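Reader: I am new to this structure. Please show it to me, and then let me ask about the terms.

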Amino acid sequence: IVKQMPKYPQHPNCQCRLNKITKPIPNITAKATCNIGKFTKYVFDEINNKGKKAIFEGLGYTIKDSEYLQQLYISQATQKYCNGDYIFKGTNDYTVRIEIVIVMQTPQKGTVRIKTGWSLLKNGEIKLATPFSGFKN
């Protein structure tokens, strides 16, 4: 894993520090958060959904399923993050980005694997940034 670590400094005037940590402990040091608005006000928005509404509706989900999807994402993301089952996607001026694949049993298509984007925050917290960035084969 050390070979996959990003090089430092990461950004101009970087004050970031590397601290040795142990593997995150589910529900203690690791936490996934997902704002329900990622579904109710984005994925299922009538106008500004960037095509995601059609994708999720094609899988058999509607805005009524937002809470279920939120809990599914939180549960799987926490587990996969703690197990190291994610892909480092880089950094920007504000955050470290990772990709986690969410496995969904859908009413219309059976099992699908969806790529999702997360921001790595301090103290082992990850926050959903992108609820859909493509399908994983």
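Reader: Which residue in S5 is the bridge partner of Leu120?

Author: The partner in S5 is Ile126. This is a predicted model, where local features need pLDDT of at least 70, side-chain atom pairs count only at pLDDT 80 or more, and totals for chains, interfaces and linings use all residues. Residues are numbered from 1 along each chain as its sequence is written, and side-chain values use heavy atoms, without hydrogens and water.

Reader: What makes S4 and S5 a pair?

Author: Two strands pair if DSSP finds at least two bridges between them. Strands are DSSP runs (E, at least two residues), as helices are (H or I, at least four), numbered from the N terminus. Four bridges join S4 (residues 110-120) to S5 (residues 125-130). So S4 and S5 pair, and they run antiparallel.

Reader: How do you know that S2 and S3 pair?

Author: Four bridges join S2 (residues 87-91) to the antiparallel S3 (residues 96-106). The rule asks for at least two. Gly90, for one, has Arg97 in S3 as its bridge partner. A hairpin of four residues links S2 to S3.

Reader: What is the strand order in the sheet?

Author: The order is S1-S5-S4-S3-S2, in an open sheet with mixed pairing. S1 (31-33) and S2 each have a single partner strand, so they stand at the edges.

Reader: Why is Cys82 called buried?

Author: Buried means under 20% relative accessible area, exposed over 50%, and partly exposed in between (1.4 Å probe, protein chains only). Cys82 has 4%, so Cys82 is buried. Cys34, at 5%, also counts as buried.
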